[in-house]
Amino acid sequence: MSAAIELKGLCVATRDHRLLLDDISLALERGTTTAILGRSGSGKTTLLRAVNRTVEPTGGEVLVNGADVRNLDPIGLRRGMGYVIQEAGLFPHFTVVRNVAIVLEAMGRPLQEREMRSTELLASVGLDPTIFARRYPHQLSGGQRQRVSVARALAADPGILLMDEPFGALDPLTRAEMQDMQRTLLARLGKTVLLVTHDLDEALYLADRIVLISEGKLIADLAPDAFMRSAQPDVEAYVRAYRRGESRTSKLAASREAQG
Amino acid sequence: MTAFLRQYGASIATLTMEHLWLTGAAMLFATCIAVPAGILLTRSQRLAKPVMAVVNVLQTIPSLAMFGFLLPLPWIGDRAARIAIMALIAYALLPILRNTYAGIREIDRSVIEVSRAIGLTDMQRLIKIELPLAAPFILAGLRTATVTCIGVATIAAAVGAGGLGELIFRGVASVDSRLVLAGAVPAAALALLADGALGLLERRLKPPAAEGTGL
C-alpha cells in the first residue's frame with residue numbers, strides 16, 4: 001500500500017546554500033495524524049511547504065499518493081490538501097461563508113453548491129450558520145476564526161490536511177476545545193494529517209506518530225508512548241521541558257508531606 | 001459681477017470642460033500604466049527600487065520646465081493637448097504607482113501565504129484577494145494624482161493647450177484679478193470636488209475589518 005505522503009531524502013536549501021531540511025525521509029500512512037515537533041526555526045514549516053510545493057525541494061523527492069509532486073500541477077495539488085495556519089489567515093474582506101468556500105469558488109463551482117457546503121461545514125465545526133455565515137473575520141473570536149479556518153480546509157473534501165501550529169495562538173481552554181473538535185472530526189472523516197506544532201501535549205493528544213526535527217534533521221520518528229519513553233537525548237530534553245511543571249509540583253507535594 | 005459673468009461665462013464653461021478633458025485623459029492613461037506597473041513591481045522586487053527612483057525624478061521636474069521639455073519632441077510636440085496630457089501623465093504616475101505597490105505589499109503575509117497554499121492561481125489571487133484589499137490604497141493614490149493634475153493642468157495654457165489656465169495667464173498679462181479668479185476658482189472647485197468624490201469612494205471600498213470592530 002502506498003503512503004498518502006512520502007518524503008524520500010528531502011533536502012531544502014536557501015539560495016545561499018544553507019540547509020533548511022537535511023535528508024528527511026518519512027512516510028505518512030493514509031488516515032493517520034503525524035505531528036512534526038521541533039523548536040521554532042527547526043524546519044517544520046519548510047517541510048509542510050515542501051509537501052504542497054510552495055517550497056521547491058533542492059534534493060530528494062516528495063510523493064503524494066505515490067506521485068512525485070514535481071510532476072503534478074501545483075494548483076491542483078494544493079486544492080487537494082486542506083491548509084490551516086496559526087493566525088487562521090482568513091480573508092478579511094470575505095464573509096465567513098465565502099471564506100469557507102473559497103477553494104470551491106476558485107474551482108468554479110456554482111454559488112448554490114458553495115453556500116450549501118459552507119453552511120454544512122460551519123455546523124460541523126460547531127458554528128451556527130444562522131449566526132456566523134454573514135459575519136466578517138474581525139467579528140469573530142480567535143477560536144471561532146480557527147474553526148472557520150478548519151472548515152475552509154475541509155471544503156473541497158481533500159484527503160490530506162496540512163496544519164501549521166493551528167491552535168498555537170489560542171488560550172489553553174480554547175485550544176483544548178479545538179483539539180477535541182479536531183479529534184472528533186478526524187475520527188469521522190479519516191483524513192491524513194500533517195500537523196506542525198511545538199506543543200508536545202498537542203502532539204500526544206492528536207497524533208498517531210511524533211516526528212522530532214532539529215536544525216533540519218530528523219531526530220526521531222516514534223509512536224507517542226515510545227516517544228515519552230525514548231532515551232534519545234534530544235527527545236528526552238523535549239519531554240523533560242514538557243514535564244517541568246509537573247515534576248516541580250510533585251516535589252512540592254512530597255516536601256509538604258515530609259513536613260507532616 | 002453679472003456683466004463680467006455675461007461676458008466670460010461661456011468661455012469659463014468651455015475652458016472648464018477643456019480642463020476636465022485634459023485631466024481626465026491624463027488620469028486614464030496614467031492609471032492604465034501605473035496600476036499594472038505597480039502590480040508588476042510587487043512580483044519582481046528587484047525592479048521596484050530603480051523604477052520608483054525614475055518616477056520619483058519625474059515628479060520633481062518643475063511643471064513649466066516639463067512642458068518645455070516635451071515641446072520639441074516628435075509627434076507629442078505637434079499638438080498642445082498632447083504635450084499637456086503627456087506632462088500630466090508624468091506627474092500622475094508616481095502617486096498611483098507607489099500606492100498600488102505599497103497597497104499590495106502591505107497585505108498581511110499570512111493572507112497571501114494562505115491564498116497560495118489553498119491553490120488560488122496567480123490571477124485569482126490578484127483579482128479576488130490582492131486588488132480588493134489594496135483598493136483603498138490605490139484609490140488614495142488616484143485621488144492625490146487627480147488633485148495634482150487639476151492643479152498642474154492650469155500651466156498647460158502656457159503651451160496653448162487651453163484649460164482654465166488660459167484665464168489665469170490672460171488675467172496676469174492684463175493685470176485683471178477678476179480674470180485670474182475666473183480661472184483659479186473653478187480650478188480649485190474642480191480639485192475639491194474630485195478630492196471629495198474619490199474620498200467617498202475610497203471609504204466605501206475599505207474592507208469591513210478596517211472600519212473598526214463591533215459585533
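Start with chain B, and read along from the N terminus: the elements go α-α-α-α-α-α-α-α. That is eight helices and zero strands. Keep in mind as you look around that this is a predicted model. The C-alpha trace of chain B spans about 70 × 50 × 20 Å along its principal axes. Of the 215 residues in chain B, 36% are buried. If you take the contacts in chain B between residues at least 6 apart in sequence, 75% of them join residues at least 24 apart.

Two packed helices are described by the angle between their axes and the distance between the axes. Here the axes come within 8 Å and cross at roughly 160 degrees. Angles over 145 degrees count as roughly antiparallel, so that is what α4(B) is to α6(B). The crossing of α4(B) past α6(B) is right-handed.

Which residues do the meeting? On the α4(B) side they include Leu88(B), Tyr91(B), Ala92(B), Pro95(B) and Ile96(B), and among their counterparts in α6(B) are Ala134(B), Phe137(B), Ile138(B), Leu142(B) and Val152(B). Sorted by type, the residues of this contact come out as 15 nonpolar, six polar and two charged.

Now slide over to Phe29(B), which sits in helix α1 (residues 2-43) of chain B. Leaving out residues up to four places away in sequence, Phe29(B) touches Ile85(B) and Ile89(B). Its C-alpha atom is separated by 17 Å from that of Ala80(B), a residue 51 places away along the chain.

Further along is helix α7 (residues 165-173) of chain B, whose buried residues are Gly165(B), Glu166(B), Leu167(B) and Ile168(B). What covers these buried residues includes α1 and α8 (177-205) of chain B. After α7(B) comes Val175(B), with a positive phi near 45 degrees.

Chain A brings in some strands. Four of them form an open sheet in the order β2-β1-β4-β5, with antiparallel pairing. At the edges are β2 (19-28) and β5 (67-68) of chain A, each of which pairs on one side only. Look at how β5(A) is joined on: β4 (residues 59-64) of chain A pairs with β5(A) in the antiparallel sense over two bridges. Leu63(A) has Asp68(A), in β5(A), as its bridge partner. Helix α1 (residues 44-51) of chain A lies across β1 (5-13), β2 and β4 of chain A, and it runs at about 60 degrees to β2(A).

Finally, bring both chains into view. How many residues of chain A are in contact with chain B? There are 19, and they contact 19 residues of chain B. On the chain A side, α2 (74-79), β6 (81-85) and α4 (102-106) each supply at least two of the residues that touch chain B. By type, the chain A residues on that side divide into 10 nonpolar, six polar and three charged.

Notes. Residues numbered from 1 in each chain as written. Chains lettered and ligands numbered in written order. Predicted model: local features only at pLDDT ≥ 70, side-chain atom pairs only at ≥ 80, totals over all residues. Contact = placed C-beta atoms within 7 Å. Helix = DSSP H or I, 4+ residues; strand = E, 2+ residues; numbered from the N terminus. Nonpolar A, V, L, I, M, F, W, Y, C, P; charged D, E, K, R; others polar. Axes fitted to C-alpha atoms, helices over the stretch in contact; angles between N-to-C directions. Parallel < 35°, antiparallel > 145°, perpendicular 65-115°, else oblique. Left-handed = near helix turned anticlockwise from the far one by under 90°. Pairing = 2+ DSSP bridges. Buried ≥ 20, exposed ≤ 12 C-beta atoms within 10 Å, placed from the backbone.
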